[in-house]
2 protein chains.
Amino acid sequence: MNTLRINAARLQDKIRLLSAFGINDAGGLDRTTFTPAELAAREWLKNQLHQLRLSVRVDEAANIWAVRNGQNELPFIVFGSHIDTVPNGGKYDGALGVLLALEVMNVFEENGVSTRHPLELVSFSAEEPNPFGLSTFGSRAVSAKIGAKHLEGVHDDKDQLLTDALRLAGGDPDRFEQARRKPQELAAFLEVHIEQGKRLLQQDIPVGIVTAITGIYREEVTVAGEANHAGTTLMRDRKDALMAASEIMLAFESVCRDHPADETVGTVGKIANFPNAANIIPEKVQFTLEIRGKSRDDIQEINNEWDKRAAEITERRGIRLERRLILDQAPAAMNPLVMSICALQSQQLGYPSYPLGSMAGHDAAHMAALTRAGMLFVPSIDGKSHCPEEESRIEDMEKVGNVLLHSILALDQQLDT
Amino acid sequence: MNTLRINAARLQDKIRLLSAFGINDAGGLDRTTFTPAELAAREWLKNQLHQLRLSVRVDEAANIWAVRNGQNELPFIVFGSHIDTVPNGGKYDGALGVLLALEVMNVFEENGVSTRHPLELVSFSAEEPNPFGLSTFGSRAVSAKIGAKHLEGVHDDKDQLLTDALRLAGGDPDRFEQARRKPQELAAFLEVHIEQGKRLLQQDIPVGIVTAITGIYREEVTVAGEANHAGTTLMRDRKDALMAASEIMLAFESVCRDHPADETVGTVGKIANFPNAANIIPEKVQFTLEIRGKSRDDIQEINNEWDKRAAEITERRGIRLERRLILDQAPAAMNPLVMSICALQSQQLGYPSYPLGSMAGHDAAHMAALTRAGMLFVPSIDGKSHCPEEESRIEDMEKVGNVLLHSILALDQQLDT
């Protein structure tokens, strides 16, 4: 068993095949959840799983699961990630975790490996922010953090209902709660992901062992001013929502920059302006404001401070501000046993490893509420992610794949539940 | 002839009928050029013109023309405006000028008025900024300011080609230059429009006589930063295009506010953010920047100053700025003879009138390059325009309609060419 290794050439081939779904002219991937490109990628993945003679099912939240039976009546050891991308995203965020899980299953299959626990690969639905406003959708459904009531009336910018989109992907909004898993069904969860930062590569370490996943706080902010003609309205008579929003966004940026903790970051990634015509003073601007931090306190400090500055700006400009909470995901610690098993396997394979926090949110944060959860990070070249230039070295992916494989076997040996 | 008056009740009825095309839930009009709602409004208008037994034609730029013959072989006296609207616009901007022209034709028809000059009503295509990026499209085609080469490859956000949209409206992109009119074909042009400002109402004057139309300078500004993950990229490592754009827009606003001339105004009305996802640091922002002023010098002063400030911002933030000229429309003076005829007719009708500059652009600015052009303004309630609240008093519309009617008759008498 100790000599088992993943097949890097086969992994590269699968990365190439999967990255054909949603590829755009810029070389990026447009594979937002429930789009035609993403639905096609799901079919490809299910086909791959069938070829390994796994027992494949799609749950009510459209998560894809594939079971390899174990010798005993024990809970499942689960591993995987997601295959949806952000708009114009990269080939690895999510996909690498699913493809390494597939590769591990492939190695087990071709070597006739028999485990005590049943093994289960998962590809979660809609991990990335998406037009329905629900990220980590699949893992939140599985961990009972969302239910059918969260789907009601939710639609994208083109008025497609989430419930309709979910059905297209094989989900079932009418029986949505049946996607939930019970803690006693699960022994552990392991997810491989790219680091999306520079810390591992700067230290020349191939294997990252995640200690905790950042908290993510997200709001939709609406700035309401007054539409008017861009020619006939004097500068002093304007209540320009876009100028007010600009000032608020800059105040928010300044508050985040001034925070003492490096890992406390804030982003306005998405903005919509209304009515958005060259000769009309903007009436309304909506933007998402996101804060990430290692602790709830850090996030709260940012929130208190930008709120104070925004109040001054809205008062001075005579405009209105509305805030709506979209996401308040607590920081999640990874399981110490899983972390130590990963570190030991890495050592036995001769690879340096390094413990680090994840500044990105992941499905593992939600799975941690259900079972022993752990994550392995692969170094990202230049730290780039969520863009076409997202890249990792195949030798690093191979090493982390081998740590995944042997950590699964070690968990299978060491866990009795 | 001196006793001829327009029929205010009939005008109100037509305003009601035309405003049904494109009405939205907010009570505003979504009748952007070449949309199904605007195409339907065109059909309605053509039907109205046919009912007055006018000779109706649609030219290669999809402008609608309707001729009423004169006694002599003289050039045309033309009057009209446009029926397209901005997104969520009002009932009067453009439409009132076309409906008053229709009403004048109606009065002439029912009273058997015979003129020396042939009269021609016009409804210009695409006066408002539109998804194809070409405002005052129809009058620029007529005045030879644009030609077939300006249509090549132009498309909207949904990849509809302008040439295809133009054909839907009855235009002919292959023979586009045939829409041009020769100066010797035209005797004069008169356009009625709402003021879109508060000057007339504040002085309680029902009739505005336009002296000149503002210059409009418009650029598309592209701010190029670097896309990256919103969690794993420290604040100091970011090249956030949206934050840079915000700072540039605020600098531009400040430059416009500081300019000594009240009528010099600047607006950012339209903005697009890429890739526009909650957890991606914006890579690119594009916005339209517009400057209006009474003189080219005023516009140039604003341009010089914001350029200087933007250079400092882009340098400090390590981002790139690109500027593309979209429109550089010179201020246009109205014809003194037309102005004096309008003022005299207003006086003879017993209505106070007032000379004022137009801070909005109009088709008349382009027609001024071809013929004697004039404009009449109707007071706007609260100065509101380009919004559902756009409103004018029927008694003011009636008065300006009577001035239009009698100015056409006076021009017919006084002009020999």
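Is B:Arg236 buried or exposed? B:Arg236 is exposed, with a relative accessible area of 59%. Exposed here means over 50% relative accessible area, buried means under 20%, and partly exposed lies in between, with a 1.4 Å probe and protein chains only.

Before I go on, some ground rules. This is a predicted model, where local features need pLDDT of at least 70 and side-chain atom pairs count only at pLDDT 80 or more, while totals for chains, interfaces and linings use all residues. Residues are numbered from 1 along each chain as its sequence is written, chains are lettered from A and ligands numbered from 1 in the order in which they are written, and side-chain values use heavy atoms, with hydrogens and water left out.

Back to B:Arg236. It forms a salt bridge with A:Asp262. The closest N and O atoms are 2.8 Å apart. A salt bridge is a side-chain nitrogen of Lys or Arg within 4 Å of a carboxyl oxygen of Asp or Glu. Side chains of opposite charge can pair when their charged atoms come close. A:Asp262 is partly exposed, at 34%. Now place the two residues. B:Arg236 lies in the loop between β8 and α7 of chain B, and A:Asp262 in the loop between α7 (241-258) and β9 (265-274) of chain A, so this pair joins two chains. Those element names come from DSSP: helices are H or I runs of at least four residues, strands are E runs of at least two, and both are numbered from the N terminus.

Next, the interface itself. Chain B puts 60 residues into the contact, and chain A puts in 60 residues. Contact means heavy atoms within 4.5 Å. How much area is buried between chain B and chain A? About 5,200 Å², with carbon and sulfur atoms giving 58% of that. Buried area is the accessible area (1.4 Å probe) that two parts lose on being put together, summed over both. In chain B, the residues that lose the most area to chain A are B:Met235, B:Met243 and B:Ala278. Together they make up 13% of what that side buries.

What about polar links? There are 6 salt bridges between chain B and chain A. There are also 23 residue pairs in polar contact across the interface, both residues at pLDDT 80 or more. A polar contact is a pair of N or O atoms within 3.5 Å; within protein, one must be able to donate a hydrogen and the other to accept it, and residues adjacent in sequence count only if both atoms are side-chain atoms.

Which elements of chain B supply at least two residues each to the side that touches chain A? They are β8 (228-229), α7 (241-258), β9 (265-274), β10 (280-281) and β11 (284-293). Helix α7(B) gives the most, with 9 residues. By type, that side of chain B has 24 nonpolar, 20 polar and 16 charged residues. Nonpolar covers Ala, Val, Leu, Ile, Met, Phe, Trp, Tyr, Cys and Pro; charged covers Asp, Glu, Lys and Arg; the others, Gly among them, are polar.

Take one residue from strand β8 of chain B: B:Asn228. B:Asn228 is buried, at 9% relative accessibility. Leaving out residues up to four places away in sequence, B:Asn228 touches residues of chain A including A:Gly383, A:Lys384 and A:Ser385.

Over all chains, the count is 69. One of them pairs A:Glu305 with A:Lys308, closest N and O atoms 3.4 Å apart. The two sit 3 residues apart in helix α8 (residues 296-317) of chain A, which means about one helical turn separates them. A:Glu305 is partly exposed at 27%, and A:Lys308 is exposed at 56%. In chain B, B:Arg393 and B:Glu395 meet at 4.0 Å, N to O.

Last topic: aromatic rings. There are 14 aromatic pairs over all chains. Rings of Phe, Tyr and Trp (its six-membered ring) pair if their centres lie within 6.5 Å; planes under 30 degrees apart are stacked, over 60 edge-to-face, and the rest tilted. A:Phe21 and A:Trp44 are tilted, 6.4 Å centre to centre and 50 degrees between the planes. B:Trp65 and B:Phe124 are edge-to-face, at 6.1 Å and 80 degrees. That pair links strands β2 and β4 of chain B, its residues 59 apart. B:Trp65 is buried at 0%, and B:Phe124 is buried at 1%.
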